[in-house]
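Trainee: I've got a new model open and I'd like to learn how to read it. Could you walk me through it?

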Amino acid sequence: MSAGPIGDYQPGDTVLHRSPVGPKLFALVVLSVVAVAFRSVSTTAGLLVLAVVVCAVAGVRVGRAARALRGIAIGMALLAGYQTWQRGAEHAFVVVGAFVALLLMATAFTTTTSVDRLVDTLTRWLEPTRRFGVRPELVALAFSLMIRGIPLTLQIAAETRDAARARGLERSPRAYLTPMVIRVVAHARATGDALHARGIGDD
């Protein structure tokens, strides 16, 4: 049985599956702020260790985590090389390591949080804005689609790169980027059509 897209919700009975959406989302935001505000080797190392622990607790399989990272491997390698050249290996580790840690934790979040629970939580939080003409359910849906779209885009990137490599075109940016952009745009259009069919966004 297929494991489904990277970061797609996987039913389970782990501590993170049972945890409320609010605290999990808040923790993810706080850790993102920490990664940016307190840049250091020790902070990044701590985030990486925490990310591995969180993924283990969430039941994220090694293969799923590896696929999540594979989608950004080339970009991270280029970024690491540039940062090493400009500011040294230590700074490269801080920047790239923090990004990888946050990606893994975001994968654990989406793996243990269903779209329905996420949308319901965000809608409750945004309910006071309804008096100003905001539709909380639409904002919540847009946010959840954005969160879900990140791992899906990484999966498309990894699959497109593998296809280019199979044709011997791994060194051709056009052979990699053009199909990836087409697939991402096609998915966005399909999502929009599906929402339109359900009467969402018509008014």
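Trainee: Where in the chain is confidence lowest, and where is it highest?

Mentor: The general idea comes first: where pLDDT is low, the predicted coordinates should not be read in detail. Here the chain averages a pLDDT of 77, and 67% of the residues score at least 70. Helix α3 (residues 41-58) has the highest confidence, at a mean of 92, while helix α9 (residues 173-197) has the lowest, at 63.

Trainee: Now the helix pairs. At what angle do α2 and α6 pack?

Mentor: Two packed helices are described by the angle between their axes and the distance between the axes. For helix α2 (residues 21-37) and helix α6 (residues 89-112), the angle is about 175° and the axes are 10 Å apart. The two are therefore roughly antiparallel to each other.

Trainee: Which residues of α2 and α6 meet?

Mentor: On the α2 side you have Val21, Lys24, Leu25, Leu28, Leu31, Ser32 and Ala35; they meet Ala98, Leu102, Met105, Ala106, Phe109 and Thr112 in α6. Sorted by class, this contact has 10 nonpolar, 2 polar and 1 charged residues.

Trainee: And how do α2 and α7 cross?

Mentor: The axes of α2 and helix α7 (residues 115-126) come within 10 Å and cross at roughly 85°. That makes α2 roughly perpendicular to α7. From α2, the contact uses Val21, Gly22, Lys24 and Leu25; from α7, Arg117, Leu118, Thr121, Leu122 and Trp125. The split by class is 5 nonpolar, 2 polar and 2 charged.

Trainee: What about the loop between α6 and α7? Is Thr113 buried or exposed?

Mentor: The idea is to look at relative accessible area, where under 20% means buried. Thr113, which sits in the loop between α6 and α7, has 0% relative accessibility, so Thr113 counts as buried.

Trainee: Which side chain makes a polar contact with that of Thr113?

Mentor: That would be Lys24, whose side chain is joined to that of Thr113 by a polar contact of 2.9 Å. Also, a polar atom of the Thr113 side chain lies 2.8 Å from the backbone oxygen of Phe109.

Trainee: Got it. What does Leu126 touch?

Mentor: Leu126 lies in helix α7 and is partly exposed, with a relative accessible area of 24%. Leaving out residues up to four places away in sequence, Leu126 touches Pro136, Val139 and Ala140. Leu126 and Val139 are 13 residues apart along the chain, and their C-alpha atoms are separated by 8.3 Å.

How values were computed. Residues numbered from 1 in each chain as written. Predicted model: local features only at pLDDT ≥ 70, side-chain atom pairs only at ≥ 80, totals over all residues. Heavy atoms only, no water. pLDDT = per-residue confidence, 0-100. Helix = DSSP H or I, 4+ residues; strand = E, 2+ residues; numbered from the N terminus. Axes fitted to C-alpha atoms, helices over the stretch in contact; angles between N-to-C directions. Parallel < 35°, antiparallel > 145°, perpendicular 65-115°, else oblique. Contact = heavy atoms within 4.5 Å. Nonpolar A, V, L, I, M, F, W, Y, C, P; charged D, E, K, R; others polar. Buried < 20%, exposed > 50% of the residue type's maximum accessible area, 1.4 Å probe, protein only. Polar contact = N/O pair within 3.5 Å; in protein donor to acceptor, adjacent residues only side chain to side chain.
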